[in-house]
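Trainee: I have a model open and would like to talk through its surface and its fold with you. Could we go over it together?
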Amino acid sequence: MANSIFSQKGAIAAIAAGAGALIGAAGVLLYHQLCNQKAQNEMHEEIVELGNSIEKIQRELESVRKNILSSADRRRLRRVSNSTSATSEMYSANEDDDEFFDFSSDQEGTINRDSDVDT
């Protein structure tokens, strides 16, 4: 009878130890699985954040390109406008100035049409 009690207690202890080891191993596997899932979620969040940052940088780059192109167009228009205004000032028909200058090669000097020059 003493042998059966020890053998019964030993069997129960072995079963308890086995169950404990099995539960511990399952806990370790579950812990590693949860850690891997957490790492994947963090990586996914970082990838989404990087994607948003890239989109923001692309929008800023496009805005800078548009500003550069528009400023280049404005400079080009300003140059054309300045050259047009300089040309129109040279050949303006709206001036009240009645002077006429003849720069032909067959005459010497400048002749003023309004002045009293005897020729």
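This is a predicted model: local features need pLDDT of at least 70, side-chain atom pairs count only at pLDDT 80 or more; totals for chains, interfaces and linings use all residues.

Trainee: Which residues gather in a patch of positive charge?

Mentor: On the surface, Arg74, Arg75, Arg78 and Arg79 form a patch of positive charge, and Arg74 is likewise a residue of helix H1.

Trainee: Is Arg74 exposed or only partly exposed?

Mentor: Arg74 has a relative accessible area of 48%, so it is classed as partly exposed, given that the exposed class needs over 50%.

Trainee: Changing topic, what does UniProt list for residues 40-74?

Mentor: An unreviewed UniProt entry lists residues 40-74 as "coiled-coil region", and in the model that stretch is 100% helix and 0% strand, with 51 Å between its end C-alpha atoms.

Trainee: And for the chain as a whole, how many helices and strands are there?

Mentor: The chain has one helix and zero strands, and of its 119 residues, 0% are buried.

Trainee: What does the accessible surface of the chain come to, then?

Mentor: The accessible surface comes to about 11,100 Å², and carbon and sulfur atoms account for 58% of that area.

Definitions and conventions: Residues are numbered from 1 along each chain as its sequence is written. Side-chain values use heavy atoms; hydrogens and water are left out. UniProt positions are given in the numbering used here, feature names are shortened, and annotations may be inferred rather than shown by experiment. Helices (H or I, at least four residues) and strands (E, at least two) are DSSP runs, numbered from the N terminus. Patches are made of residues with over 30% relative accessible area and no salt bridge: like charges are joined within 9 Å, nonpolar side chains (Val, Leu, Ile, Met, Phe, Trp, Tyr) within 5 Å. Accessible areas come from the Shrake-Rupley method with a 1.4 Å probe; for residues, only the protein chains shown count as cover. A salt bridge is a side-chain nitrogen of Lys or Arg within 4 Å of a carboxyl oxygen of Asp or Glu. Lys and Arg count as positive and Asp and Glu as negative; His and the chain ends are not counted. The place of a charge is taken as NZ of Lys, CZ of Arg, CG of Asp or CD of Glu. Buried means under 20% relative accessible area, exposed over 50%, partly exposed in between (1.4 Å probe, protein chains only).
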